[in-house]
Amino acid sequence: MGLLSIDEGLCKGDELCVADCPTAILRIDESKGTPKMIPGGEEMCLRCGHCVAVCPHGALDHAEVPLDGCDPVRKELTIGFEQAVQFLRSRRSVRRFKDRPVERDTLRRLIDVARCAPTASNLQPVEWVVIDGREKVQGLAEQAVGWMRSVLAKDAQPAYAPYLPRLVAAWDAGSDAVLRDAPCLVIAMAPKEAANGMVDLALALSYLELAAPTLGLGTCWAGLLQGALLSHPPLKGKVGIPAGYPHHYPMMIGYAKPTYHRLPLRKPAKVKWD
Ligand SMILES: Cc1cc2nc3c(=O)[nH]c(=O)nc-3n(C[C@H](O)[C@H](O)[C@H](O)COP(=O)(O)O)c2cc1C
C-alpha cells in the first residue's frame, strides 16, 4: 500500500489536495476522477499533511500523517488581528521567577506545541534537553561565570563583550545575571544534518515562549549561556548536547514574577518596497 488512500465515496474530485501539495506529487487519476501520487512521489513527499488538512471532506488519508491524528480546526477558537497583535506584543523576556518548579507535564505541553513550528522541508529536526531544578541551573550559571573568568584573565576588558566584568562582579556579589535564578532551562538543539537547524530551533523556541505565558510561565533567551557554550565546547557535553549537534540555544523558563501593564515601543520597521 502507498502513502495515500482515498475514500472514493467522500472525494469530490475538487483537486484541492493537488493544488496544495508543495512538491506537486499529486495528480488526478483521469479514469476515477480522484487524486493519486505520481510514480516516485513517496520519496518526494514532505509528510507535511497539507493534502489531509486541506480536504474539507476528510476523503484523504496519509499513512504517515493519518487523518485520525489530525485534529479538526475549531472555528470558535479563531482570534482576530487585534487579539493577535496584543498577544504577540505582550510577550516579554522574563528575568524574575517565582521560587516554584515547573511541572514536567507543563513543560511537555509547551514542547508539544513548539514541535509544530515550521521546519525547513518539514524535517522536524529539533530535539530538547531540559535542565530541571534551580540548583542545576545555578550550577550551569557558575560554569558560565567560570568561563567568563578565564576570558577576563587573558583580557580584562574584552571589546567584544564589555559586559563580562559586570556579570562576574554581580555573581560574586550573590546575584545571578546569567541565568537569573531560573528554576528550569530548556535547550533546543538540532543535528548537523539539519541544514537550517538554527532557524528551525529558533522558531520552535519562539513558539514555546509565546505559548508559555498562557500557562503563567515566563521565558528568556539565555544568550550569555549560549556564548559560553559556543566558546567553551566542554560545557556543551555537561549540559547534555551530544557531539554532532552544532545547532543549539538555551532558554530560561519559570513562573513569572512581574506583570507588565504596557506594550513597550519598538523601532519603526525599515522596509524597502520594490
Ligand atoms: C537570541 C537572544 C538572546 C538573548 N539573550 C539574553 C540574555 O542572555 N540575557 C537576557 O537577560 N536577555 C536576553 N535576551 C532578551 C533580550 O534582551 C530581549 O528580547 C530584548 O531586550 C527585548 O525585550 P522583550 O523580549 O521583553 O521584548 C535575548 C534575546 C534573544 C532573541
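I'll start with helix H9, residues 223-231, where Leu225, Gln226, Ala228 and Leu229 are buried. These four span an arc of only 160° around the axis, which places them on the same side of H9. As a reminder on helices in general, an α-helix has 3.6 residues a turn, so residues three or four places apart point the same way. What lies over the buried residues of H9? The cover includes helix H6 (134-154), strand S6 (184-190), H8, helix H10 (234-239) and strand S8 (247-255). Before going on, please keep in mind that this is a predicted model.

Next, the domains. The domain assignment of the chain gives domain 1, residues 4-69, and domain 2, residues 84-255. How far apart are the centres of domain 1 and domain 2? Taken over C-alpha atoms, the separation is 40 Å.

The largest pocket holds about 1000 Å³ of space. It is lined by 25 residues, and the closest to its centre are Ala53, Gly69, Cys70, Asp71 and Cys116. Helix H3, residues 50-54, gives the most to this lining, with three residues. By class, the lining of the largest pocket has 13 nonpolar, seven polar and five charged residues.

Now the second largest pocket, with about 450 Å³ of space. Of its 23 lining residues, Ser90, Arg91, Arg92, Pro213 and Tyr260 are the closest to the centre. Three elements are to be named here: H4, helix H8 (197-211) and strand S7 (217-221) are those that give two or more residues to the lining. The largest share, three residues, comes from S7. Sorted by class, the lining of the second largest pocket has 10 nonpolar, eight polar and five charged residues.

Is Arg89 buried, partly exposed or exposed? Its relative accessibility is 39%; buried would need under 20% and exposed over 50%, so Arg89 counts as partly exposed. Leaving aside residues up to four places away in sequence, Arg89 touches Leu263 and Pro264. As for Leu265, it is 176 residues from Arg89 in sequence, while the C-alpha to C-alpha distance in space is 9.6 Å.

In general, rolling a probe the size of a water molecule over the atoms shows where empty space is left. How many cavities of 30 Å³ or more does a search of the whole structure find? The search finds two.

The largest cavity has a volume of about 100 Å³. Its lining has 15 residues, with Cys21, Ile25, Cys45, Cys48 and Cys51 nearest its centre. The lining of the largest cavity divides into 10 nonpolar residues, four polar and one charged.

The second largest cavity has a volume of about 70 Å³. There are 13 residues in its lining, and Cys11, Asp14, Cys17, Cys55 and Ala59 are the closest to its centre. By class, the second largest cavity is lined by nine nonpolar, two polar and two charged residues.

That is what I have on this one.

Notes: Residues numbered from 1 in each chain as written. Predicted model: local features only at pLDDT ≥ 70, side-chain atom pairs only at ≥ 80, totals over all residues. Heavy atoms only, no water. Buried < 20%, exposed > 50% of the residue type's maximum accessible area, 1.4 Å probe, protein only. Contact = heavy atoms within 4.5 Å. Domains from an automatic or database assignment. 1 Å grid on protein atoms, 1.4 Å probe; cavity = no way out; pocket = protein on both sides within 12 Å on 5 of 7 lines; lining within 4 Å. Points joined across faces, edges and corners; volume = space filled by probe spheres on them. Nonpolar A, V, L, I, M, F, W, Y, C, P; charged D, E, K, R; others polar. Arc of directions from axis to C-beta.
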